[in-house]
Amino acid sequence: MSDISFIHAADLHLDSPFKGLSHLPEAIFQKVKDSTFEALDLLVKRAIDKQVDFLLLVGDLFDNEKQSLKAQVRLRNAFEELKRHDISVYLSYGNHDFTRGNSHPVTYPDNVFIFPDERVTHFIYQKNGVGKTAIYGFSYENRSVTEKKADEYEIISGDIPYHIAMLHGSLYSNTEHDVYAPFRLSDLTDKSFDYWALGHIHQREVIKKDPPVVYPGNIQGRTSKEVGKKGCYHVELSHHGVSMTFLPLQSLEFNKRTVDISECDELHQLESVVLRTVTDNGVNAGPELLQLIISGVPSKLEEWESSLDEVIQLVNETVMHHRDWKYIYRYSIEQALTENYEGLAEGEHFVGELLRHADSVSIQPYLTELYQHKRAKKYLETISLEEENQMKQKAKRLLVHELLNGGGE
Ligand SMILES: [Mn+2]
């Protein structure tokens, strides 16, 4: 029997615009734009099903400091539904919805407790008139909080049985994201909180089990990098310890799949092989936006490259209308093609020099102008090293192909 139960979620990023996906067919794009709200609705449903005492929302509820009215109203409706079921909400704002940027303040019902500013404060959750849990946290007033906030969390004295800390921030060692409110794991575990409810990092991770230090991740994937199931943790605390269960909430998954087309002899076989890969989804029964990597015999891949758009479109038309729809939103050819050029790259001729040069330089400086462009940068995701290599390989292939086989006419 648990003493206290709650749901820990973070990074809802409600009303994310998904601008980079605006090229998708309207029906699919609409589902994508609704996805953060769908995930919110399921979050509320799960909280009610599990009859939890309260819900923790650890920052970045909104995607943007200019919180859309729609996002605020949907959130208020969600909170009102929770109130009808006697579920309290404790929320803090993060780097995406810092308080000084808020332009349309909607009033939330009185079951919602908001950490007002950057000082670490606490609320006491009462059950049947008795103080059961102290919940600590702070909200970002400005876009970035660079102080080490972990030091400010102190357990209050008294006979409150449970202490939960909410913190939107990241480990010093995590250099992949903007490091806000940085901490070392020991900064947290040296104190005797029963649970550290983290937010900010969108990848789900239980950093430590005892006591739990947990990133639930975001509730809905938003880019090709936020793959798989997304959701929240259902947590039960008792004097025997803690139990945690992950509950998926995503309305659709971003995923990556590889299709090997070596077995295809003719172009027309491609469609059925791709279709099989797309629908053979194992445990992923729900809707998916898919990134497809096509691998196979290099000579054939090259020969069929110009027909791939059409094949992908055919497959999409077959699978995009199902209830558990799929949609290939981007594809690339696996770059196992480099080997072809290894001999060439050693040659003392123009093509050899070109290939050696291509290997040695970064493409980043050539992209700077685009990435700093006021309008373009809103649509662009940062490029991973893997993607950079893929682009380079593609450029090399094109150059070699044109120089050695093509041209002339
Ligand atoms: Mn976030």
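Two strands count as paired if DSSP finds at least two bridges between them. Keep that in mind for the close-ups below, which come from a predicted model.

**View 1. Strands β1 and β2 run side by side in parallel.** Here four bridges join β1 to β2, so the pair clears the cut-off of at least two. Look for Ala9, which sits opposite Leu57 of β2. α1 lies across these two strands, and across β11 (231-238) and β12 as well. The direction of α1 is at about 170° to that of β1.

**View 2. Six strands make up an open sheet with mixed pairing.** Reading across, the order goes β4-β3-β2-β1-β11-β12. At the edges you'll find β4 (112-114) and β12 (241-248), each of which pairs on one side only. From one strand to the next, the twist averages 20°.

**View 3. Helix α2 packs on the sheet.** The strands that α2 touches are β2, β3 (88-92) and β4. Compare the directions of α2 and β3, and you get an angle of about 145°.

**View 4. A manganese ion is held by two Asp and two His donors from the protein.** The donor atoms belong to Asp11 (OD), His13 (NE2), Asp60 (OD) and His202 (NE2), and they lie 2.1 to 2.4 Å from the ion. Along the sequence, the donor residues follow the spacing D-x1-H-x46-D-x141-H. Asp11 and Asp60 bring together distant parts of the chain, being 49 residues apart. Asp11 comes from the loop between β1 (4-9) and α1 (26-49), while Asp60 comes from the loop between β2 (54-58) and α2 (69-84). Are these two Asp residues buried or exposed? Asp11 has a relative accessible area of 1%, so it is buried. Asp60 also counts as buried, because its relative accessibility is 1%.

**View 5. Domain 1 meets domain 2.** Domain 1 puts 16 residues into the contact, and domain 2 puts in 12 residues. Between them the two domains bury about 1100 Å², with 70% of that on carbon and sulfur atoms.

Key: Residues are numbered from 1 along each chain as its sequence is written. This is a predicted model: local features need pLDDT of at least 70, side-chain atom pairs count only at pLDDT 80 or more; totals for chains, interfaces and linings use all residues. Side-chain values use heavy atoms; hydrogens and water are left out. Donors are N, O and S atoms within 2.8 Å of the metal (3.2 Å for Na, K and Ca); water is not among the atoms, so sites may look incomplete. Buried means under 20% relative accessible area, exposed over 50%, partly exposed in between (1.4 Å probe, protein chains only). Axes are lines fitted to C-alpha atoms, for helices over the stretch in contact, and angles run from 0 to 180 degrees between N-to-C directions. Contact means heavy atoms within 4.5 Å. Buried area is the accessible area (1.4 Å probe) that two parts lose on being put together, summed over both.
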